[in-house]
Amino acid sequence: MRLLVLGGTHHVGRAVVEAALARGDEVTTVNRGLSRAPAPGVEALIADRTDRDALRRAVAGREWDAVIDTWSGPPRTVRDACESLAGRTGHYGYVSSRSVYRWPIPRGADENAPVVDADPGAEDDEDYAAAKRGGELAALEAFGDRALLARAGLILGPYENVGRMPWWLRRIERGGPVLAPEPERPLQYIDARDLARWMLSAADRRISGAFNTVSPTGYCTMGELLETAVRVTGADAELVWVSPEAIEEAGISPWIELPIWLPQDEEYGGMHDSDVSAAVGTGLTFRPMPETVADTWTWLQTEGDPEPRHRLGLDPDKERRVLEKIRAR
């Protein structure tokens with residue numbers, strides 16, 4: 001397959017490029033050429049895609065069998081890319097998000113759940129849900145039934161520059177008592193490499209439409225994930241399991257201060273509980289959780305920590321104070 005990846009240097013984009021090369025695809029990337037050298041075997045086109053004219057010049061006179069777009073910014077940038085590529089490719093795969101569903105996301109929601117209102121021409125991304133839905137609308141506007149919308153949830157694995165699993169691994173590496181939330185909490189996530197492999201296969205088969213692309217509910221638990229992280233790092237860390245009530249009482253924010261974890265309440269319960277039968281029915285598969293954790297640790301040891309896109313994690317002093325208070329009861 002002749003594949004164009006918009007981006008291709010971080011997280012899902014890098015996973016897509018590596019998976020495509022391993023399959024023997026012809027891979028072209030478009031990015032600014034600032035963060036990483038192109039992988040061997042990749043044809044790199046240099047352009048800032050936020051400059052519509054620069055993107056058009058970069059792709060002029062070229063055609064591809066499929067495009068994969070991982071953009072997480074203003075929808076207008078997706079619309080510009082789609083307009084530039086609509087006559088140059090037969091398939092457009094867009095990495096979207098389950099955040100496009102109206103909040104709170106219902107438990108067990110499938111792809112027919114209500115979505116947020118959005119504008120595909122919006123030039124800001126202050127509202128992440130609206131920005132991702134706007135990107136979806138831009139892809140549908142230009143490609144219709146040739147657009148694939150991969151509504152990923154939590155994306156883990158090597159190259160994760162959001163910083164959720166890397167934060168936990170580094171915190172556990174430091175050792176000592178680790179404030180750990182709700183071990184029985186079921187999780188849903190996707191390894192970026194499994195998402196990449198599925199999107200490439202979907203492009204081969206011209207699969208289109210929207211799909212929830214995460215693991216089945218309860219593929220692993222928070223406890224299993226963190227216990228695996230302790231084993232993988234070999235750290236002298238003690239996981240101190242803390243109830244959701246104690247976490248709330250301490251003013252600790254889920255997802256941000258305790259990455260990955262969300263309480264099983266009416267507001268957040270659906271974030272780790274969606275119907276993924278449609279994607280599984282088209283061949284989406286999931287590698288064992290310990291492989292994802294171990295490979296992420298190996299990547300961190302080999303390449304070092306990426307600059308995280310968001311400030312995540314619990315302040316050490318706050319963690320210590322909360323644990324002391326809990327243990328004094």
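Tutor: Helix H5, made of residues 164-174, gives the most to the lining of the second largest pocket, namely four residues, and this pocket is the part we can look at closely, keeping in mind that the model is predicted. The second largest pocket holds about 390 Å³ of space. It is lined by 18 residues, and those closest to its centre are Trp-167, Pro-308, Arg-311, Leu-312 and Gly-313. If you look for Trp-167 in the display, you will have one of the residues closest to the centre of this pocket.

The largest cavity contains about 40 Å³, and its lining is formed by Tyr-189, Ile-190, Asp-191, Asp-194, Ser-215, Tyr-219, Phe-286, Arg-287 and Thr-292.

From these spaces we can turn to the sheet. It is an open sheet of seven strands, paired in parallel, and reading across it gives the order E3-E2-E1-E4-E5-E6-E11. Strand E3 (42-46) and strand E11 (209-213) each have a single partner strand, so they stand at the edges, with one side of each left without a neighbour in the sheet. On average, and ignoring direction, neighbouring strands of this sheet are turned by 20° against each other. Helix H6, residues 192-204, packs on the sheet and touches E1, strand E4 (66-69), strand E5 (92-97), strand E6 (147-152) and E11, while its direction makes about 160° with that of E6.

Within the sheet, strand E1 (residues 2-6) and strand E2 (residues 26-31) run parallel and are joined by five bridges. Leu-3 has Val-27 in E2 as its bridge partner, and Arg-2 stands opposite Glu-26, also in E2. Strand E1 is mostly covered, since four of its five residues are buried.

Glu-182, in the loop between strand E8 (176-181) and strand E9 (186-187), has a positive phi of about 40° although it is not a glycine. Glu-182 is also buried, with a relative accessible area of 7%. Trp-255, which lies in the loop between helix H8 (244-249) and helix H9 (277-281), is likewise not a glycine and has a positive phi of about 75°. Its relative accessible area is 18%, and Trp-255 therefore counts as buried, because that term covers values under 20%.

A search of the whole structure finds zero disulfides.

Notes. Residues are numbered from 1 along each chain as its sequence is written. This is a predicted model: local features need pLDDT of at least 70, side-chain atom pairs count only at pLDDT 80 or more; totals for chains, interfaces and linings use all residues. Side-chain values use heavy atoms; hydrogens and water are left out. A disulfide is a pair of cysteine sulfur atoms within 2.5 Å. Two strands pair if DSSP finds at least two bridges between them. Helices (H or I, at least four residues) and strands (E, at least two) are DSSP runs, numbered from the N terminus. Axes are lines fitted to C-alpha atoms, for helices over the stretch in contact, and angles run from 0 to 180 degrees between N-to-C directions. Contact means heavy atoms within 4.5 Å. On a 1 Å grid over the protein atoms alone, a cavity is a set of points where a 1.4 Å probe fits but cannot get out, and a pocket is an open set with protein on both sides within 12 Å along at least five of seven lines; lining residues have an atom within 4 Å of a point. Grid points are joined across faces, edges and corners, and a volume is the space filled by probe spheres set on the points. Buried means under 20% relative accessible area, exposed over 50%, partly exposed in between (1.4 Å probe, protein chains only).
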